[in-house]
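My notes follow the order of the look-ups.

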Amino acid sequence: MTHHLPDPDQPTASTSGGEDRRTQLGHLAASQRRFDRRSVVSGAAAAAAMLGSGQAPARPSPARAGQAEATPVPDQAEPLITVVREPRPREEGTPRPGGRLRLLRSPFPTGDFHPAAFRQDYQVAVSYLDPLLRPDPITLTPTPWLAESWVWGDDGRSLRFRLRPSLRWHDGSPLTAADVAFSFTVYRDDVESAVRNFFAGMTEIEALDDLTLRVTLAEPDGGWLFNAATQLVFQRAQYLDHWTARPLGERTLADYDWKENPPLGSGPWRLTGWDDASVEFERWEQYWAGAPHFERLTIGWRPTPADRLRAWEEGDNDAVWPIRPAEVARLSERRGRLFAVDAASVMFAAFNFDNPERAAPDLFADVQVRRALSLAIDRPRYARQVFDGFIAENAAGTVAQPWARDLTLSTAPRNPRQARRLLAEAGWEDRDDDDLLENPDGVPFAITAIFLADGRPELARVLTSAAVDLAVIGVELTVEPLPEPEFSDRWRQGRDYDLIAFAYDLYPGFTDFDLYGSAWDIRINRQGWNPGGYANTVVDASIADALVAVDLDDQRAALVRLQQAVEGDLFALWLGFPQALVLLGEDVRGFEPNKLWQTADTRLWWRAPED
């Protein structure tokens with residue numbers, strides 16, 4: 001099933017002050033052997049839905065890729081924030097060792113280090129643990145990390161990995177294939193695992209020797225290297241006795257006593273302690289890929305984005321991610337650099353082809369009607385007003401992973417006149433001079449879009465912008481923010497909506513098959529995800545090919561066919577791929593964007609000396 005990354009600004013514990021919360025909708029498709037889980041980050045509070053004045057932002061449009069741009073702040077003699085758009089920024093100067101790096105994140109259960117449950121902020125785990133394979137920071141393709149090589153066998157039903165020699169845990173003991181085998185078993189069998197569905201097809205995992213690991217799958221799984229093999233590895237010796245104390249089917253690491261036995265890792269940072277306010281690390285000098293430049297790392301928390309940004313301005317926080325364009329415009333107390341980088345993020349509003357309450361039940365059966373709605377939307381306007389230009393607003397589809405995305409596809413530019421013509425050809429005209437289109441039976445073209453109220457704020461503003469645009473062509477769009485569980489009940493059971501909007505981050509491998517595939521139609525598969533009854537035979541065939549293709553080129557070719565079919569038979573109103581914004585203090589150097597988790601590579605950072 002579809003599985004998306006936890007949003008970096010969605011805490012895993014209840015918070016106050018209007019902070020966004022992560023909502024995870026787990027689901028299982030009994031009709032298929034591909035299982036996964038989605039973390040939805042969609043919508044915003046109703047108050048955030050207003051577009052505001054409609055005026056363009058005060059600062060100029062962002063520079064083109066590869067350029068840096070100064071961001072003027074009112075009443076400042078010179079700009080404080082410089083925008084950097086290079087995908088692989090190059091720093092001048094030699095890294096300076098020493099010092100403390102301070103990162104403030106959303107609140108999380110500080111002492112719950114369960115490695116498979118993902119209750120902590122991911123920044124903690126990625127600091128002291130390593131994966132078998134690592135998604136390339138730019139392309140998201142799997143690359144060697146703890147494993148130096150791998151090979152497929154048995155027609156895509158087995159994988160053999162070779163680990164790097166001389167890998168060590170922080171206690172000095174060797175990291176072996178048995179540790180990887182244990183970690184993957186926990187991911188699959190732990191009753192509280194958040195990623196068990198990535199490992200559901202794994203029938204056997206065996207350490208052939210200290211450096212060789214063999215994984216056997218029930219059937220070929222093209223996403224296994226991307227999404228399963230890139231999960232973090234933890235130490236078998238630390239957890240084995242606790243794990244085996246319970247029978248199969250009841251095992252979990254959830255109640256492990258980390259205070260009595262602090263978690264060990266193999267990553268660049270070694271855990272030294274924690275309390276309710278922060279988690280503390282020191283650099284591990286023996287790290288195989290090179291020790292961090294900073295001597296210490298502190299990961300703390302503040303309850304709201306405003307609190308974290310205030311701490312940054314006061315010099316108590318070295319990095320803010322994510323940060324919204326509107327927040328950048330308010331900065332006035334500290335110099336810094338804003339890295340605007342591409343991300344594996346998508347926004348869209350899917351059509352519901354089967355709204356039982358709709359007076360015109362076949363409204364979206366004609367693809368030209370769907371295309372007319374898309375042609376009405378002024379994407380450059382909300383790109384300016386909502387994102388300040390930090391979005392690929394014309395990106396089509398939901399495949400934002402660079403390795404799989406079809407760059408030839410682009411959403412057609414706004415053309416209200418053509419949209420009106422297409423709707424007229426479908427029988428929609430303003431028959432009573434009320435500026436609203438009606439069909440021959442007098443039914444008005446009035447539709448409703450729903451979205452999760454407690455999520456990404458920009459989505460609500462984009463939908464409101466779209467409603468203004470649709471009114472120009474005689475279509476009335478009502479935008480409804482819904483809280484959980486009403487949102488889930490509405491789209492899974494009531495289904496009385498016309499569009500359902502989402503914004504989320506993607507895993508490295510393609511996991512949106514259940515979004516498009518007819519086998520996951522929510523009307524026939526209560527554990528499915530397909531929210532609108534979408535069905536297309538070419539799409540279904542492309543999904544089938546992509547799921548079993550272990551060759552990267554074959555998998556990409558299948559996904560290109562899917563993207564082209566979905567664009568031809570429009571699945572949704574595409575709302576673009578937002579960029580990630582990472583704000584660093586001017587003295588913090590060495591940042592390299594990472595599409596999986598933008599601040600994952602803190603070992604490369606250093607603090608520049610004061611002038």
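These entries go from the whole chain to single residues.

**Whole chain**

I am working from a predicted model. I looked up the secondary structure and found 14 helices and 28 strands in the protein chain. The chain has 611 residues, and 59% of them count as buried. I then checked its accessible surface, which comes to about 23,600 Å². Carbon and sulfur atoms hold 47% of that surface. Next I took the contacts between residues at least 6 apart in sequence; 72% of these join residues at least 24 apart.

**Aromatic pairs**

How many aromatic pairs does the whole structure hold? My search gave 39. I picked out F113 and W258. Their ring centres are 6.4 Å apart and their planes meet at 55°, so I log this pair as tilted. F113 sits in the loop between β5 (100-105) and α1 (122-128). W258 sits in the loop between α4 (236-244) and β14 (269-274). That puts the two partners 145 residues apart, and the pair links distant parts of the chain. Are F113 and W258 buried or exposed? Both are buried.

I looked up Y516 and F571 next. Their rings are 4.6 Å apart, centre to centre, with 65° between the planes. I note this pair as edge-to-face. Y516 belongs to helix α12 (residues 513-516), while F571 lies in the loop between α14 (552-568) and β24 (572-574), so the pair ties together parts that are 55 residues apart in sequence. Y516 has a relative accessible area of 1% and is buried. F571 is buried as well, with a relative accessible area of 1%.

**Arginines over rings**

I also looked for charges over ring faces. R134 lies over the face of W145, 4.8 Å from the ring centre. R334 lies over the face of W312, at 4.7 Å from the ring centre.

**Helix α14**

I checked the length of α14. Its 17 residues should span 24 Å at 1.5 Å a residue, and its end C-alpha atoms are 24 Å apart, so the two figures agree. What caps the N-terminal end of α14? I found D551 there, with a side-chain oxygen 3.0 Å from the backbone nitrogen of D553.

I listed the buried residues of α14: Q555, A558, L559, V560, L562, Q563, A565, V566 and E567. I then asked what covers them. The cover includes α3 (224-228), α7 (367-376), α12, α13 (537-548) and β24.

Notes
Residues numbered from 1 in each chain as written. Predicted model: local features only at pLDDT ≥ 70, side-chain atom pairs only at ≥ 80, totals over all residues. Heavy atoms only, no water. Phe/Tyr/Trp six-rings, centres within 6.5 Å; stacked < 30°, edge-to-face > 60°. Helix = DSSP H or I, 4+ residues; strand = E, 2+ residues; numbered from the N terminus. Buried < 20%, exposed > 50% of the residue type's maximum accessible area, 1.4 Å probe, protein only. Lys NZ or Arg CZ within 6 Å of the ring centre and 35° of its normal. Contact = heavy atoms within 4.5 Å. Areas by Shrake-Rupley, 256 points an atom, 1.4 Å probe, with all protein chains shown as cover. Expected span 1.5 Å × (residues − 1). Polar contact = N/O pair within 3.5 Å; in protein donor to acceptor, adjacent residues only side chain to side chain.
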